[in-house]
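User: Hi! I have a chain here that I would like to understand residue by residue. Could you walk me through it?

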Amino acid sequence: MVQPGGPDMQMIMQQAQAMQQQLLAAQAELAEAEVTGQAGNGLVKVTMTAAQEVRSVAIDPKVVDPEDVETLQDLVVGAFQDAAQKAADLQQQKMGPLASALGGGFPGLG
C-alpha cells in the first residue's frame, strides 16, 4: 500500500514540476521565435512570433495599384494566413510533446 506523501508522490510532484518548467520554457521560446508568411511569391510578407504577435508587414511597391486595391488586400490576408499556419505548426512542434506527456491538449494548439 502506498502511503500519502510517500516516495511515489514525491516523484510525481518532481515530474510535474519538471513538466511545468519545460512548458514555461517552450512558451517563452514561442514568444520570441519568428515565422514569416508570404503571398504573391513574396510580394507581401508578414512576420509574427510563434505566439502570433505581429512584428512586421512588408509590401513590395510593385503590388500597390490604386486601381486594384482588392488584390493587395487578398495578398495581405493570404500572407497573414500563411504566417498564422506556420506559427501554429511551430506551436504544435514545441508544445505537442508536452501536451501528450500531460495527457491532454492546450486550447488553441494544433
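Predicted model: local features only at pLDDT ≥ 70, side-chain atom pairs only at ≥ 80, totals over all residues.

User: What is the phi of Asn-41 near?

Analyst: Most residues other than glycine have a negative phi. Asn-41 is a residue other than glycine, yet its phi is positive. The value for Asn-41 is near 55 degrees.

User: Which residue in the hairpin of S1 and S2 takes a positive phi near 65 degrees?

Analyst: This hairpin has four residues between the strands. The two strands it links, S1 and S2, run antiparallel and are joined by six bridges. The residue with a phi near 65 degrees is Gly-40.

User: What order do the elements of the chain run in, from the N terminus on?

Analyst: The chain has two helices and three strands. Helix H1 spans residues 7-32, while helix H2 covers residues 69-102. Strand S1 takes in residues 34-39, S2 residues 44-49 and S3 residues 54-59. From the N terminus on, the order is α-β-β-β-α.

User: Which residue in S2 is the bridge partner of Ala-39?

Analyst: S1 is joined to S2 by six bridges, with the strands antiparallel. The partner of Ala-39 in S2 is Val-44.

User: Which residue in S3 does Thr-47 stand opposite?

Analyst: Thr-47 is found in strand S2, and S2 pairs with S3 in the antiparallel sense over five bridges. Leaving aside neighbours within four places in sequence, the contacts of Thr-47 include Glu-53, Val-54, Arg-55 and Ser-56. The residue that Thr-47 stands opposite is Ser-56.

User: Why does Thr-47 count as buried?

Analyst: Beyond its neighbours within four places in sequence, Thr-47 is in contact with residues including Glu-34, Val-35 and Thr-36. Buried means under 20% relative accessible area. Thr-47 counts as buried because its relative accessible area is 13%.

User: What is the relative accessibility of Thr-49?

Analyst: Thr-49 also lies in strand S2. Leaving aside neighbours within four places in sequence, Thr-49 is in contact with Leu-30, Ala-31, Ala-33, Glu-34, Arg-55 and Ala-87. It counts as buried, with a relative accessibility of 0%.

User: And Gln-52, is that residue buried, partly exposed or exposed?

Analyst: Gln-52 lies in the loop between S2 and S3, and although it is not a glycine, it has a positive phi of about 70 degrees. Its relative accessible area is 42%, which falls between the 20% and 50% cut-offs. Gln-52 is therefore partly exposed.

User: Which residues form a nonpolar patch on the surface?

Analyst: One member, Val-57, lies in strand S3 and counts as partly exposed at 41% relative accessibility. Together the members of the patch have about 300 Å² of accessible area. They are Val-54, Val-57, Ile-59 and Val-64.

User: What distance separates the C-alpha atoms of Leu-72 and Ile-59?

Analyst: Leu-72 lies in helix H2 and is buried, with a relative accessible area of 17%. Its contacts, leaving aside neighbours within four places in sequence, are Val-44, Ile-59, Val-63 and Val-64. Leu-72 and Ile-59 are 13 residues apart along the chain, and their C-alpha atoms are separated by 8.7 Å.

User: Which element of the chain has the highest mean pLDDT?

Analyst: The mean pLDDT of the chain is 85, and 85% of its residues reach 70 or more. Over residues 105-110 the pLDDT is below 50, and this stretch has ten contacts in the model beyond near neighbours in sequence. Among the elements, helix H1 has the lowest mean, 86, while the highest, 97, belongs to S3.

Key:
Residues numbered from 1 in each chain as written. Heavy atoms only, no water. Buried < 20%, exposed > 50% of the residue type's maximum accessible area, 1.4 Å probe, protein only. Contact = heavy atoms within 4.5 Å. Patch = residues over 30% accessible without salt bridge, like charges linked within 9 Å, V, L, I, M, F, W, Y side chains within 5 Å. Areas by Shrake-Rupley, 256 points an atom, 1.4 Å probe, with all protein chains shown as cover. Salt bridge = Lys/Arg side-chain N within 4 Å of Asp/Glu carboxyl O. Pairing = 2+ DSSP bridges. pLDDT = per-residue confidence, 0-100.
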